Amino acid sequence: MRSLVAFLIGADPPRPGRWRIAMVPAVAAAAYLAYGGTTYLDLKSGLPWVLCALGGLALAVPMALVVTRPLLAWRLVWLASVITGAAVQAHHHTPFSWHPAVLAEQVVILFVVARRLPYAVSLWAWASMAGLVCLSFFPADRLPLIELITLITAMAWGLRGLRLRKPHDAHAVELNSKVPAPTE
C-alpha cells in the first residue's frame, strides 16, 4: 500500500544532473502538444474554443514538467486525458480520444516514471495507463496498446536495473572491468 500512496501523493525523485538540457525539447514538445490538443478537441469534442484551448494546455503542461517532476507530470496528463477524452467520446464517438501526439506524450512520461521511480510506484503508473487505454479506446485496440505500454515499461525497468546495479556485485565487476573476476 505504500507504493500506492507514493504514487498518488508522493514526492518526485531528485532532478537528473543535466536537466536544463532536456528542458529545451520538453518545452518544444509541450508547445506542439498545446496546438495539437487544442485543434483535436476543437474538431472532435463540440466544446467552445476557450475550453478546447484550456484542454490543450492541460494536455501540454505535463510534457514540460516531465524532466523535473515526472510523477506530477503523470498525474496531470492522466487527469487531463480522462477529462478531455470523455468530452471527445461524449460528442464524437471515435476510436481515439486524443490527438496521437498526446498518446506519445503519455508513453514518454510513463517511460520516465518507470525509469526514475521505484518499481512498485511505476507499476501503479502502468496500471493507470492500462486503465486509461481501456476507458478511451475501442475494444479491438486495447490489447495491442496495453502490450505496447507493457513493453515500454519493461524497457524502462531494464534500464533502471542497469543504472542501479551495484559495482561490488561480482557479475557487474566482471562486466565492467577489463580484468576478469577471480573464479573459485
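Start by selecting helix α6: its 18 residues should span 26 Å at 1.5 Å a residue, and its end C-alpha atoms are 25 Å apart, which agrees. The expected span is 1.5 Å times one less than the number of residues. Helices here are DSSP runs of H or I with at least four residues, and strands are runs of E with at least two, numbered from the N terminus.

Before you go on, note that this is a predicted model: local features need pLDDT of at least 70, side-chain atom pairs count only at pLDDT 80 or more, and totals for chains, interfaces and linings use all residues. Residues are numbered from 1 along each chain as its sequence is written, and side-chain values use heavy atoms, leaving out hydrogens and water.

**Stop 1: around α6**

Stay with α6 and colour its buried residues, among them Val-121, Ala-125, Met-129, Leu-132 and Val-133. Buried means under 20% relative accessible area, exposed means over 50%, and partly exposed lies in between, with a 1.4 Å probe and protein chains only. Which helices do the buried residues of α6 pack against? They pack against α1 (2-9), α4, α5 and α7. Contact here means heavy atoms within 4.5 Å.

**Stop 2: along α7**

Next, select residues 139-164, which form helix α7. Its 26 residues reach 38 Å from first C-alpha to last, close to the 38 Å expected. Show Leu-145, Ile-146, Ile-149, Ile-152, Thr-153, Ala-156 and Arg-160, the buried residues of α7. These pack against α5 (100-116) and α6 (119-136). As you look at the spacing, remember that an α-helix has 3.6 residues a turn, so residues three or four places apart point the same way.

**Stop 3: α2 beside α3**

Now select α2 (residues 19-44) and α3 (residues 49-65), which pack at about 155° with their axes 7 Å apart. That makes α2 roughly antiparallel to α3. Axes are lines fitted to C-alpha atoms, for helices over the stretch in contact, and angles run from 0 to 180 degrees between N-to-C directions. Angles under 35 degrees count as roughly parallel, over 145 as roughly antiparallel, 65 to 115 as roughly perpendicular and the rest as oblique. Side chains to display in α2 include Met-23, Val-27, Leu-33 and Leu-41, and those in α3 include Trp-49, Leu-57 and Met-63.

While you are in α2, click on Tyr-32. Is Tyr-32 buried or partly exposed? At 44% relative accessibility, Tyr-32 counts as partly exposed. Leaving aside residues up to four places away in sequence, Tyr-32 touches His-99 and Ala-101. The C-alpha atoms of Tyr-32 and Ala-60 are separated by 7.9 Å, though these residues are 28 apart along the chain.

**Stop 4: on to α4**

The axes of α4 (residues 70-91) and α5 come within 9 Å and cross at roughly 150°. That makes α4 roughly antiparallel to α5. Residues meeting across this pair include Trp-74 in α4 and Ile-109 in α5.

**Last stop: the whole chain**

Zoom out and show everything. The protein chain has eight helices and zero strands. Buried residues make up 39% of its 184 residues. Of the contacts with a separation of 6 or more, 71% join residues 24 or more positions apart.
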